[in-house]
Amino acid sequence: MKLLLHACCGPCSLEPTRFLATEGTDITIAYMNSNIHPASEYDRRPSTLRAWADRENLPIVEGPYDVCAWEGCVGTVASDTYASREDRCRACSRMRLEQAARYASAHGLAGLLT
């Protein structure tokens with residue numbers, strides 16, 4: 001099975017990829033994280049992720065770094081006086097997973113895991 005694994009960095013990908021590889025899963029890593037700030041941190045994470053993925057022979061796809069889209073998504077929830085951190089986290093996760101799901105669907109990947 002071909003699977004798209006959403007990841008924010010290399011360390012969070014270690015255990016899932018080890019387990020999935022033993023199951024014979026064909027893994028592609030998705031780095032789609034407009035929520036990571038500042039931009040220097042956003043840039044640091046995929047370079048570390050790429051170094052690890054290259055050693056593991058895993059492909060990586062990267063979504064656009066679109067802070068405005070992220071702020072618009074989370075800001076919509078945050079503008080409500082009663083919006084909680086939990087509400088903002090759910091909106092952020094939904095946005096990133098929808099982006100990854102669109103990629104998986106467009107590229108014939110059977111599943112999405114985060």
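**A ring cluster and the helix beside it**

Modeller: In this predicted model, ring pairs link Tyr 31, Tyr 42 and Tyr 65 into a cluster.

Colleague: How many aromatic pairs does a search of the whole structure find?

Modeller: The search finds two aromatic pairs. One of them joins Tyr 31 and Tyr 42, whose ring centres are 5.0 Å apart and whose planes make an angle of 45 degrees. That pair is classed as tilted.

Colleague: Which parts of the chain does the pair of Tyr 31 and Tyr 42 tie together?

Modeller: Tyr 31 belongs to strand β2 and Tyr 42 to helix α2, so the pair connects parts that are eleven residues apart in sequence.

Colleague: Are Tyr 31 and Tyr 42 buried or exposed?

Modeller: Tyr 31 has a relative accessible area of 0%, so this residue is buried. Tyr 42 has 3% relative accessibility and also counts as buried, because the cut-off for that word is under 20%.

Colleague: Let us stay with α2. How many residues does α2 have, and how far does the helix reach?

Modeller: Helix α2 covers residues 39–56, which is 18 residues. From its first C-alpha to its last it reaches 26 Å, close to the 26 Å expected at 1.5 Å a residue.

Colleague: Which residues of α2 are buried, and which are exposed?

Modeller: The buried ones are Tyr 42, Pro 46, Leu 49, Trp 52 and Ala 53. Viewed down the axis of α2, these residues fall within an arc of 130 degrees, so they line one face of the helix. Ser 40, Asp 54 and Arg 55 are exposed on the other side of α2.

Colleague: Why do residues three or four places apart point the same way in an α-helix?

Modeller: An α-helix has 3.6 residues a turn, so residues with that spacing point the same way.

Colleague: What do the buried residues of α2 pack against?

Modeller: They pack against three elements: α1 (14–22), β2 (26–31) and β3 (60–62).

Colleague: Now the loops. Where is Pro 38 found, and what kind of peptide bond joins His 37 and Pro 38?

Modeller: Pro 38 is in the loop between β2 and α2. The bond between His 37 and Pro 38 is cis, with omega at about -5 degrees. For background, most peptide bonds are trans, and most residues other than glycine have a negative phi.

Colleague: What is the phi of Asn 57, and where does this residue lie?

Modeller: Asn 57 has a positive phi of about 65 degrees, although it is not a glycine. Asn 57 lies in the loop between α2 and β3. With a relative accessible area of 69%, Asn 57 is exposed.

Colleague: Changing topic to α4: what span should this helix have, and how far apart are its end C-alpha atoms?

Modeller: Helix α4 (residues 85–106) has 22 residues, which should span 32 Å at 1.5 Å a residue. Its end C-alpha atoms are 32 Å apart, in agreement with that value. The buried residues of α4 include Ala 91, Cys 92, Met 95 and Arg 96. Gly 108, which follows α4, has a positive phi near 70 degrees.

Colleague: And the whole chain? What pattern does the chain follow along the sequence?

Modeller: The pattern is β-α-β-α-β-α-α-β, with four helices and four strands in the chain. Of its 114 residues, 36% count as buried. Among contacts with a separation of 6 or more, 63% come from residues 24 or more positions apart.

Notes. Residues numbered from 1 in each chain as written. Predicted model: local features only at pLDDT ≥ 70, side-chain atom pairs only at ≥ 80, totals over all residues. Heavy atoms only, no water. Helix = DSSP H or I, 4+ residues; strand = E, 2+ residues; numbered from the N terminus. Expected span 1.5 Å × (residues − 1). Buried < 20%, exposed > 50% of the residue type's maximum accessible area, 1.4 Å probe, protein only. Arc of directions from axis to C-beta. Contact = heavy atoms within 4.5 Å. Phe/Tyr/Trp six-rings, centres within 6.5 Å; stacked < 30°, edge-to-face > 60°.
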